[in-house]
Structure formats: structure tokens, C-alpha cells
Amino acid sequence: MSRIFRRLFSKLDSSDLLRRKMAPPRYFPNTMPDYEGQDIDTQLPQGFLLKFMEKIIKDIEKAIKPIDRNGNDGLYLGTAGISYMYYHLSKIPNLNEHRNRFLTKAVEYLAPAFNAMRNSSQRDVPSFILGNSGVYAVASAIYRAMGDTNQSENFRKMYHDAGNICKDMQFLNCGSDELFVGRAGYVLGALWLAKETNTELPKNEIFILCNVMVESGRKYAQRRSCPCPLMYSYYQVEYLGAAHGLCTILQAILSVPGYLDLNPAHAKEVKASVDYLLSLQDRDGNFPCASDEIGSHSELVHWCHGAAGMIYLMAKAYLVWREEKYLRSCEKMGDLIWAKGLLKKGPGICHGVAGNGYAFLLLYRLTEQPKHLHRAVSFAKFMQTKQFVNQARTPDNPFSLYEGIAGTACFLGDLLCPQQAVFPFSDVF
């Protein structure tokens, strides 16, 4: 599975840098009008959003059947991600009339993922985005919503049993702490599962994993003489962004209730690491993708690498410490995403327009400023323009949760009820 996420570029030589300067922008120029004080409640195009979302669902059901060959690669690319989409939409009040059908479909699309797990290795078991534990968590939440508490509890137990593997500091050779396959994903998944099933978070076990993450990051930083107190690598790259890097590892630790209070020394290291990342924000509001790109200008305004993912860490930091510098950082990222976030890569949430639109929904919940909701709606509308439909690239996996339109459907559904909108598995509130 990890082959999908190996780094596709190395350090650039001078000719590479010249080609990058001459390369066309990665985004469509944003010519849409920004917010000018209009009543946002009358601007929400619910009919448009419903029609757009219904088309996406029909396209997914036509193209991707709940059969075994489509069940691989976990929540990221497989049918488990589509199953999550249905569950996500089933919780939106404006879609309540479709709830039972959505939950039924969610169960159908889980089945191939279960079959795929039979061939997975032991190291895939605690992986949240790409492996077994993400499927366990989504299954537990779905069965809970359907009233099948026994099935829900069985999958919840399987999830928590999988966490024992993560206690080994080096349970993965590629890097054991990041979001997709490592401890950060497992911890965020545990927080999500407890909330969705209204069950108690096993704090003692999660605290152990947080301790391991801090120790792992400290040892690596000391070994490599890093300027940041905590640092990590994934496939020998010191990623900083949300998909594989320091950003989400810190977010996971920050999100565990009570952990920082009980571990003041660790809290100091975590805060210093957040502040180190904050110091890397450039004048435009963006962040480097990895440590070896610090000081160079990054054009990647994505959730996976760049401002649209880093914003979740800074928002969480603001909610924890209430220091205005974190909120200012978020607002700066929002302005950058408005200017350069209409990505040509497609509609997805990992590196597409919907993922960038989610940043505005986060800012709307964080600040209650209607400007951000206006911007989120504008990004949704842009995905239906002729320019985007005709010129945007088709993702490698166009119907999946993270790369494709299943994630887009979640974004559109959240626009119907923005007060509870949340990027999948990344609720900072």
C-alpha cells in the first residue's frame, strides 16, 4: 500500500528549478467575487448542492460496485472510503429522509473491504487510512447508527486491540508515527470512534501511544540535530504537512483530552514544535512540504502538503492555547487558499478543490465570519463550471474518498449544515 505514497520528487537541480519557474500554475485563477457583506443565509444554494451531490452519488454507484476487486487500499482508495461517505451523509440533518438508504449502502460497500483485509499483513492492522483499523472504526460507527450495538462493540474491540501493535516504537520500517499508516492516524481514529459511538475513550492506552510518539520524535530530532524538538520521517523524508508529516502528529497529540495537562514536559515540547512550524509560514501563508525544502517557495496549496492541511493544526493550537498568533496564521492560510486553491488536480479532498474548500468551513466554525462560508460555497460552485469540468485533471482514482468525488460529496453535504462541518477524521472542535 505504501507504494502509493512514496515521495515522487527528490531535491531539484538548477534545470529542474528553471522548469518549475516556467511551469504553468497548479491552480485556476480565482476570478470569483469575494464576500461583500451580503446575507449569507440567503446565498446558500441548497438546491444546487443537493443536485450536485446526487449526481456524484449516482456516478459512484454506477462506476464502483461493492465487489471484492474494489475493496483494497482502505479508506483512502477503496470501498471503505465510499462506505464512510454514505455514513457521513447519513448524519446531516438536511438529508435525514435518505438516512436509512445511506446506511444500507454503507454496509454494502464495507463488505469488499473486509474481504481485502484477509490478505493484509500484521503491520496493516493498526493503519487507519490505508489499513484495517480504519475499516473497523467505520464499521463500528455504522452499526451503532443502525442500532446493532453488538456488531458495533465487536468492531470497536477489534479497533482497540489493534492499538497494541502501535506501542512498539518501530512497528513500521517506513516510519511509525504519521497519519496514513502510523500512530497519529490510529490516535485520531480512536478519538473519532469514541465520539461517533458515544463511548469512553480508553485514555490510558491512548496516553501510552502519545508518550511513544513524543519519545519517537524527540529521539529522531536529537539524532538528526533538528532545530525542532520533535521530528519524524516517513520513507526517510521529514514531511511537515498533514498527510505524512509533523503537522498531523502534533495535531493528534494536542487533540487527546487531558494529555498535555498530565504531561507538562511533553506539552512544552509539543508547543515548541508547533511554534517551530508556525515560524516556517511564508509571506503568502504557505508552508514547505518537507524539511529539505525549508527556505524555498512551495506552490503546493493542498490538504496533503501545504496550507489546507496545516490549518487544522493551527486551529487546534488556537483552541488549546488561545493565542492570537495561531488564529492569524489560519486566516492567512485562508486568504492564500482563496487565491490559489482552485486546483487543477481535481475535485478531491487530498489534493483537490473540495479539500481546500473544507479549510473555509473550518474557518467558518472557528470564527463565525460569513466570509468563509461564502468562500466555501464559491469553491463548490466552481467545480460545476465549464472551465473546471473541461480543464481539470481526472484523478487516478476518481471515485475514491480522498482522491476522488466521494470526498467531494462529503464536502457538499457539509455545506448543507456548515455548523457541524468537519473534514473526515479531523475534527478539531
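## Aromatic pairs

Two rings of Phe, Tyr or Trp, the last represented by its six-membered ring, count as a pair if their centres lie within 6.5 Å. By that criterion the structure, which is a predicted model, holds 30 aromatic pairs. One of them joins phenylalanine 128 and tyrosine 159, whose ring centres are 6.2 Å apart and whose planes stand at 80° to each other, an edge-to-face arrangement. Because phenylalanine 128 lies in the loop between helix 5 (99-117) and helix 6 (132-145), while tyrosine 159 belongs to helix 7 (residues 149-162), this pair ties together parts that are 31 residues apart in sequence. Both phenylalanine 128 and tyrosine 159 are buried.

Ring pairs also build a cluster, in which Tyr76, Phe180, Trp303, Tyr312, Tyr358, Tyr402, Phe411 and Phe423 are linked. Three of these names, Tyr76, Trp303 and Tyr402, return below among the contacts of cysteine 350.

## The annotated binding site

An unreviewed UniProt entry places the feature "binding site" at Cys304, Cys350 and His351. These residues are spread over 48 residues of sequence, yet they cluster in space, with a largest C-alpha distance of 6.3 Å.

Cysteine 350 is found in the loop between helix 14 (324-340) and helix 15 (353-367), and histidine 351 has its place in the loop between helix 14 and helix 15 as well. With a relative accessible area of 2%, cysteine 350 is buried; histidine 351, at 18%, also counts as buried, because the cut-off for that class is under 20%. When neighbours within four places in sequence are left aside, cysteine 350 is in contact with Tyr76, His302, Trp303, Cys304 and Tyr402. Histidine 351, with residues up to four places away again not counted, touches Tyr76, His302, Cys304, Leu343, Lys345 and Glu403.

## Salt bridges

The count of salt bridges comes to 18. In one of them arginine 375 meets aspartate 34, and the closest N and O atoms are 2.7 Å apart. This pair links distant parts of the chain, since arginine 375 sits in helix 16 (residues 370-382) and aspartate 34 in the loop between helix 1 (14-22) and helix 2 (46-63), 341 residues apart. Arginine 375 counts as buried at 4% relative accessibility, whereas aspartate 34 is partly exposed, with a relative accessible area of 24%.

Because the two residues are four residues apart in helix 2, aspartate 59 and lysine 55 are separated by about one helical turn. Aspartate 59 is partly exposed at 29% relative accessible area, and lysine 55 is partly exposed at 46%.

## A charged network and charges over rings

Lys271, Asp275, Glu323 and Lys325 are linked in a network of salt bridges. Within this group the side chains of glutamate 323 and lysine 325 meet at 3.5 Å, N to O. Glutamate 323 is partly exposed, with a relative accessible area of 27%, and lysine 325 is partly exposed, with a value of 28%.

Lysine 271, a member of the network, also has its charged end over the ring of tryptophan 321, at 5.3 Å from the ring centre. Elsewhere, the charged end of lysine 344 sits over the ring of phenylalanine 28, 5.8 Å from its centre.

Definitions and conventions: Residues are numbered from 1 along each chain as its sequence is written. This is a predicted model: local features need pLDDT of at least 70, side-chain atom pairs count only at pLDDT 80 or more; totals for chains, interfaces and linings use all residues. Side-chain values use heavy atoms; hydrogens and water are left out. UniProt positions are given in the numbering used here, feature names are shortened, and annotations may be inferred rather than shown by experiment. Buried means under 20% relative accessible area, exposed over 50%, partly exposed in between (1.4 Å probe, protein chains only). Contact means heavy atoms within 4.5 Å. A salt bridge is a side-chain nitrogen of Lys or Arg within 4 Å of a carboxyl oxygen of Asp or Glu. Rings of Phe, Tyr and Trp (its six-membered ring) pair if their centres lie within 6.5 Å; planes under 30 degrees apart count as stacked, over 60 as edge-to-face and the rest as tilted. A charge sits over a ring if NZ of Lys or CZ of Arg is within 6 Å of the ring centre and within 35 degrees of the ring normal.
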